[in-house]
Amino acid sequence: MDTEKQIRYWVDSAELDFNTAADIFNSGKNYHFCLFLCHLCVEKLLKAVVVKVTNNHPPKTHNLLRLAEIGKLTLDDSKLILFQELNQFQIDTQYPDEKFTLYKTATKEFTQIRFNKVLETKDWLLKCIKN
């Protein structure tokens, strides 16, 4: 496996997801999709960390807490809470009742706070990948 190529793949893909999340947030609609893409961005950056730490492909999981554990990252309380919250937005579309609850939760204010935290976390994860 070409570790650097894999890391670049995950980082580049995460950037695209983050930029799309920003576009959705700025549209003033569909905040739940913004948070879904924020989760995806963090997930992909964590997978890049896992590749760096393990020199192996990351597991096929969406659980941010599990990926952080495999990547040997220490999460402060703020990141722990953020990852728990973002995990809620990785909901299978087969569960419309749960999705409807998330639609109501994802207000502009709620999303803005998490979006800003994801931006900070993205920068932190990129530093972890570079070191």
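## Basis of the values

The model is predicted, so local features need pLDDT of at least 70 and side-chain atom pairs count only at pLDDT 80 or more, while totals for chains, interfaces and linings use all residues. Residues are numbered from 1 along each chain as its sequence is written, and side-chain values use heavy atoms, with hydrogens and water left out.

## Overall fold

The protein has 6 helices and 0 strands, where helices (H or I, at least four residues) and strands (E, at least two) are DSSP runs numbered from the N terminus. Read from the N terminus, the order of elements is α-α-α-α-α-α. The radius of gyration, taken over C-alpha atoms, is 14 Å. The globule rule (2.2 Å times the number of residues to the power 0.38) also gives 14 Å for 131 residues, so the protein is as compact as a globular protein of that length. Along the principal axes, the C-alpha atoms fill a box of roughly 40 × 25 × 25 Å.

Of the 131 residues, 45% are buried. Buried means under 20% relative accessible area, exposed means over 50%, and partly exposed lies in between (1.4 Å probe, protein chains only). The accessible surface, from the Shrake-Rupley method with a 1.4 Å probe, comes to about 7500 Å², and carbon and sulfur atoms hold 51% of it. Among contacts (heavy atoms within 4.5 Å) with a separation of 6 or more, 63% join residues 24 or more positions apart.

## Nonpolar core

A nonpolar core is a set of buried Ala, Val, Leu, Ile, Met, Phe, Trp, Tyr and Cys residues joined through side-chain atoms within 4.5 Å. The largest one here holds 40 residues, and Val42, Leu45, Leu46 and Ile129 touch the most other members. Two or more residues each come from helices H1 (3-27), H2 (31-54), H3 (64-70), H4 (77-88) and H6 (108-130). H2 gives the largest share, 14 residues.

Leaving aside residues up to four places away in sequence, Leu46 touches Leu64, Leu67, Ala68, Leu73, Phe83 and Leu125.

The expected span of a helix is 1.5 Å times one less than its number of residues. For the 24 residues of H2 this should be 34 Å, and the end C-alpha atoms are 34 Å apart, which agrees. H2 is mostly covered, with 19 of its 24 residues buried. Lys47 belongs to H2 and counts as buried at 6% relative accessibility. Beyond residues up to four places away in sequence, Lys47 touches Trp10, Pro58, Pro59, Thr61 and Leu67.

H4 has 12 residues and reaches 17 Å from its first C-alpha to its last, close to the expected 16 Å. Its buried residues are Lys79, Leu82, Phe83, Glu85, Leu86 and Asn87. The elements that cover them include H2, H3 and H6.

## Salt bridges

A salt bridge is a side-chain nitrogen of Lys or Arg within 4 Å of a carboxyl oxygen of Asp or Glu; the count is 7. One of them joins Lys44 and Asp17 at 2.7 Å, N to O. This pair links distant parts of the chain, with Lys44 in helix H2 and Asp17 in helix H1, 27 residues apart. Both Lys44 and Asp17 are buried.

Another salt bridge joins Glu69 and Arg66, whose closest N and O atoms are 3.2 Å apart. Both residues lie in helix H3, 3 residues apart, about one turn of the helix. An α-helix has 3.6 residues a turn, so residues three or four places apart point the same way. Glu69 is exposed at 54% relative accessible area, and Arg66 is partly exposed at 39%. Asp76 and Lys79 also meet in a salt bridge, at 3.7 Å, N to O. Asp76 is partly exposed at 39%, whereas Lys79 counts as buried at 16%.

## Loop residues with positive phi

Asn30 is not a glycine, yet its phi is positive, about 55 degrees. Asn30 is found in the loop between H1 and H2 and is partly exposed, with a relative accessible area of 41%.

Asn55 likewise has a positive phi of about 55 degrees without being a glycine. Asn55 follows H2 and lies in the loop between H2 and H3.
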